[in-house]
Amino acid sequence: MDTVAYFFDSIKQLIAEAQLANYADLVRSHHFAMTKVETALAQEDLDAFLAAVEQNLDLAWTSGQIGDRWGIIELLHDIWGDPFVQSHFCELLDVQFQAWINIVQCAQDLGWIDLDVDARSLVSVFWSSSVGQFITSARNYSTSRPRRIAISSCASFVPSRQATA
């Protein structure tokens, strides 16, 4: 216990720091998918863009689930248990959100996403819904599966291929 007290202000901070590390591991594959999205934008390759966005959405809707347990919810709850770690986590989220906002805005510039869509709202809704679906994932009300959601999400915000040809 003396060692823990030397490095951390409390057991809550230790747990929050450990969960922050778990979160970093959890989203590592998302960052790789985000790189693919950014590359597709730079190359103006709509097919690669859609595939990479679909991959990221699929990851977002499946990561963190541990059977019927609320893995991501517990992780976030533990992070929120320590104000210092929570603050650091929010700074990291701001970086992630801004990167996705930039992606949406670039896709809008290319005509791949409707200009009337608010980039900040879109990113917030997708992130919130991917986390929130864990609460409803084992319930009868929510019967959607990650792949189906990813495909319908892409279709909702990207014009038809005929319109972009």
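Student: Is F89 buried or exposed?
Tutor: F89 is buried, with a relative accessible area of 1%. Buried means under 20% relative accessible area, exposed means over 50%, and partly exposed is in between (1.4 Å probe, protein chains only).

Student: What kind of model is this?
Tutor: This is a predicted model, in which local features need pLDDT of at least 70 and side-chain atom pairs count only at pLDDT 80 or more, while totals for chains, interfaces and linings use all residues. Residues are numbered from 1 along each chain as its sequence is written, and side-chain values use heavy atoms, with hydrogens and water left out.

Student: OK, rings now. How many aromatic pairs does the structure hold?
Tutor: It holds 3 aromatic pairs. In one of them, the ring centres of Y23 and F89 are 4.9 Å apart and the planes sit at 75 degrees, so that pair is edge-to-face. The rule is that rings of Phe, Tyr and Trp (its six-membered ring) pair if their centres lie within 6.5 Å; planes under 30 degrees apart are stacked, over 60 edge-to-face, and the rest tilted.

Student: Which parts does the Y23 and F89 pair tie together?
Tutor: Y23 lies in helix α2 (residues 11-42) and F89 in helix α5 (residues 83-109), so the pair ties together parts that are 66 residues apart in sequence. W80 and F89 also form an edge-to-face pair, 5.7 Å centre to centre with 75 degrees between the planes. Helices are DSSP runs (H or I, at least four residues), and strands are too (E, at least two), numbered from the N terminus.

Student: What do ring pairs link into a cluster?
Tutor: Y23, W80 and F89. Y23 is buried at 8% relative accessible area, and W80 counts as partly exposed at 42% relative accessibility.

Student: How do α2 and α5 cross?
Tutor: Their axes come within 11 Å and cross at roughly 10 degrees. That makes α2 roughly parallel to α5. Axes are lines fitted to C-alpha atoms, for helices over the stretch in contact, and angles run from 0 to 180 degrees between N-to-C directions. Under 35 degrees is roughly parallel, over 145 roughly antiparallel, 65 to 115 roughly perpendicular, and the rest oblique.

Student: And what about α4 and α5, at what angle do they pack?
Tutor: Helix α4 (residues 71-80) and α5 pack at about 120 degrees, with their axes 7 Å apart. They are therefore oblique to each other. L76, I79 and W80 in α4 meet V85, Q86, F89 and C90 in α5; contact means heavy atoms within 4.5 Å.

Student: Switching topic: where does E44 lie?
Tutor: E44 lies in the loop between α2 and α3, and counts as exposed at 58% relative accessibility. E44 has a positive phi of about 50 degrees although it is not a glycine. Most residues other than glycine have a negative phi.

Student: Last one: where is Q108 found, and what does Q108 touch?
Tutor: Q108 is found in helix α5 and counts as buried at 11% relative accessibility. Leaving out residues up to four places away in sequence, Q108 touches I113, D114, L115, V117 and A119.
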